Amino acid sequence: MEQQETALLIASIVLVVIIVLMISLFLIFQKRKNSLLLQQKEAEKKFEKAIAETQIEIREETLRNISWELHDNIGQLLTLAKIQVDVAQGDPKKLPEVTDTITKSLVELRALSKLINPDAIKSLSLTEAIALEIERFNRLQYIEASLTNNEEVRELDDKAEIIIFRILQEFFSNTVKHSKASKLAVDVTYDLHKLVINAKDDGVGFNIKDNSIRKGIGLCNMQSRAKLIGAEIDINSQEGKGTSIHVSYFYKKPQKALVEEID
């Protein structure tokens, strides 16, 4: 009888211990789950904030570009047209020059309207948006720019496109403002799994190890943005040999990577 009571007591203790362990494990699991969910929400908030800031920066850059074009390009053309009109009043043979200058002004205004119209911008693919930037550089004679791309175009996540475009926009801005380059070449290639963009200028270049320069032209900012969408970015520069940027973004994971994830 005593043995039965002892066995029953031991069984009861074991059962209580098991129950306590299960409850403890459940509480630990719940705590870890809640912590992971909280981290996920914080990461999502951080990502959304970064996207919003990037969109604002793109709008601000667009407005700056519009301001420069209105002042430096269209404004000068219209001023020239006014002078030509004054001259043509005394010499009617000069009227064709006035017509030519006004025509150029209208062409520039139509090109500028593409930057202003938000519906037109939203409908553009990433390659088309880059092409608009290249066209603007050539039209305004900031730099001799070229774009090559394969015919295949893949639909990317809107937020990824915003980040990638802003990274390139910063690189282009640095090229135009700081590099003293005469040429800029951009190549956009889509393959089965990823987008690869290479851009290179023939400017003065810089010491890539100089942190003060890296911070000054926003290289760290470009790299942190790339990490937000899982893109890879590599920036190279040599003094006297120009600067290049390589961006790769997997919009579709290769089969090998998927198998590794499942394993």
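This is a predicted model: local features need pLDDT of at least 70, side-chain atom pairs count only at pLDDT 80 or more; totals for chains, interfaces and linings use all residues.
User: So buried means under 20% relative accessible area, exposed means over 50%, and partly exposed is in between (1.4 Å probe, protein chains only). Which residues of α4 are buried, then?

Analyst: They are Leu126, Thr127, Ala129, Ile130, Leu132, Glu133, Ile134, Arg136 and Phe137. A quick note on names: helices (H or I, at least four residues) and strands (E, at least two) are DSSP runs, numbered from the N terminus.

User: What caps its N-terminal end?

Analyst: Aspartate 157 does: one of its side-chain oxygens lies 3.0 Å from the backbone nitrogen of lysine 159. That is a polar contact, meaning a pair of N or O atoms within 3.5 Å; within protein, one must be able to donate a hydrogen and the other to accept it, and residues adjacent in sequence count only if both atoms are side-chain atoms.

User: What comes after α5?

Analyst: Lysine 180 follows, with a positive phi near 60°. This lysine sits in the loop between α5 and β2 and is exposed, because its relative accessible area is 73%.

User: Which residue takes a positive phi just after α4?

Analyst: Glutamine 141, at about 60°. Glutamine 141 is in the loop between α4 and β1, and its 71% relative accessibility is why it counts as exposed.

User: Switching to the sheet: in what order do the strands go?

Analyst: The 5 strands form an open sheet in the order β1-β2-β3-β5-β4, with mixed pairing. The edge strands, which pair on one side only, are β1 (144-149) and β4 (232-238). On average, neighbouring strands are turned by 10° against each other, direction ignored. Two strands pair if DSSP finds at least two bridges between them.

User: How do β4 and β5 pair?

Analyst: They are antiparallel over 7 bridges, with β5 spanning residues 242-250. Aspartate 234 has histidine 246 of β5 as its bridge partner, and glutamate 232 has serine 248. Their hairpin has 3 residues between the strands, and there glycine 240 takes a positive phi near 85°.

User: What about β3 and β5?

Analyst: Those two also run antiparallel, joined by 7 bridges. Here leucine 195 has tyrosine 249 of β5 as its bridge partner.

User: Where does α4 lie?

Analyst: Helix α4 (residues 126-139) lies across β1, β2 (183-190) and β3 (194-201), at about 160° to β1. Helix α7 (residues 219-228) packs on the sheet too, touching β4 and β5, and its direction makes about 160° with that of β4. Axes are lines fitted to C-alpha atoms, for helices over the stretch in contact, and angles run from 0 to 180 degrees between N-to-C directions; contact means heavy atoms within 4.5 Å.

User: How many residues are in the largest nonpolar core?

Analyst: It has 39 residues, and those with the most contacts inside it are Leu126, Ile130, Phe172, Leu184, Val186, Ile197 and Ile245. The largest share of this core, 9 residues, comes from α5. Such a core is a set of buried Ala, Val, Leu, Ile, Met, Phe, Trp, Tyr and Cys residues joined through side-chain atoms within 4.5 Å.

User: Last one: is serine 237 buried or exposed?

Analyst: Serine 237, in strand β4, counts as buried because its relative accessible area is 11%. A polar atom of its side chain lies 2.9 Å from the backbone nitrogen of phenylalanine 206, and its side chain also reaches the backbone oxygen of glycine 242 at 3.2 Å.

How values were computed:
Residues are numbered from 1 along each chain as its sequence is written. Side-chain values use heavy atoms; hydrogens and water are left out.
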